Amino acid sequence: MKKLIKGIKIFLALVLTFIVIVFLLYGHRDIPLNELKVKYTNSASSFISVNGMDVHYRDEGNQTDSIPIVLIHGTGASLHTFDTWADNLKISNRVIRMDLPAYGLTGPFPNRDYAMTQYTAFIKDFLTALKIKKCVLAGNSFGGQVAWNFTLEQPNMIEKLILIDAAGYPLNSKSVPIAFKIGRTPVLKNLLTYLTPRFIVRSSVENVYFDTSKVTDSLVERYFDLTLREGNRQAFVDRLNNSGNASSYENIKNIKQPTLIVWGAKDLLIPVENAHRFHQDLPNATLVILENSGHTPMEESPLESLKPVLDFLKSSKKID
């Protein structure tokens, strides 16, 4: 009996030691917002109060443009994912992008409610705060889902719609980033709010790229740092575990705006079959498949993915 008790004590001590080591290696404190602002804002960055949040955004380019282009990023990302697009589009257009609630420098919704209606209401209030009555709306992944839902809710505010590997249809993913898997797993998802190994961030970014050689250390550092913005780790988990309306995609066919669908052929998270579903359901759509891109072509292949966007913006196609 004494040997058994001694064995149990040794085992518990080893477990405790392992837990301490894990927390020492992978436990990261939140990075103060002021430190992140120094690193991830520039002269174009501004903050505006919307629904109790101090929203980070950039409003660049031709300020006389009456129908600006509004860019919405996806899960775990930030407005920086559109850097190259914005640099090129702002030459002749007004370009606006923001860090969605739960991500980037904006941080979480105060009420921790991550329903789609919360996001579409946020976009409406954000655009209203900037006195924007009509825009071209573009979104990637979850941002694309926000974009088409907003278009359905506020059709008079949308001139054209651009969907980049957009979410919305039931998923049949071929591969899912490890951070997404952990974020939906009981118990483990709670640990993710305290333990955030950098290798998980790198692996998750590489998972949505086709050419992983483009996943640089500085890119991983940005994703990692902004994950550590106060409240973002809990918000990441909260958002992933919001069930949402599973049948809302049935309304996609009601979108009449001219729509450009841009998709990476090597997208494993939202496979290219979903691009064809959008193309089939949207009555006024153009589809462009990028053969050598993954889930985030505006970041992985920015100039190649921008070309069809520029052509689409120049077209005079009107709503039927």
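Helices (H or I, at least four residues) and strands (E, at least two) are DSSP runs, numbered from the N terminus.

**View 1. Overall fold of the predicted model.** This is a predicted model, in which local features need pLDDT of at least 70 and side-chain atom pairs count only at pLDDT 80 or more, while totals for chains, interfaces and linings use all residues. Residues are numbered from 1 along each chain as its sequence is written, and side-chain values use heavy atoms, with hydrogens and water left out. The protein holds 13 helices and eight strands. Of its 320 residues, 51% are buried (under 20% relative accessible area, 1.4 Å probe, protein chains only).

**View 2. Helix H4 and its buried side.** Helix H4 covers residues 116-129. The buried residues of H4 are Met116, Tyr119, Thr120, Phe122, Ile123, Phe126 and Leu127. These residues lie on the same side of H4, because they cover an arc of only 155° around the axis (taken from the directions from the helix axis to the C-beta atoms). After H4 comes Lys131, with a positive phi near 60°.

View 3. The largest pocket contains about 780 Å³ of space. A pocket is an open set of points on a 1 Å grid over the protein atoms alone, where a 1.4 Å probe fits, with protein on both sides within 12 Å along at least five of seven lines; lining residues have an atom within 4 Å of a point. The volume is the space filled by probe spheres set on the points, which are joined across faces, edges and corners. Among the 30 lining residues, Phe142, Gln145, Ala167, Arg239 and Ser243 are the closest to the centre. Helix H5 supplies the largest share of the lining, five residues.

Methods: Buried < 20%, exposed > 50% of the residue type's maximum accessible area, 1.4 Å probe, protein only. Expected span 1.5 Å × (residues − 1).
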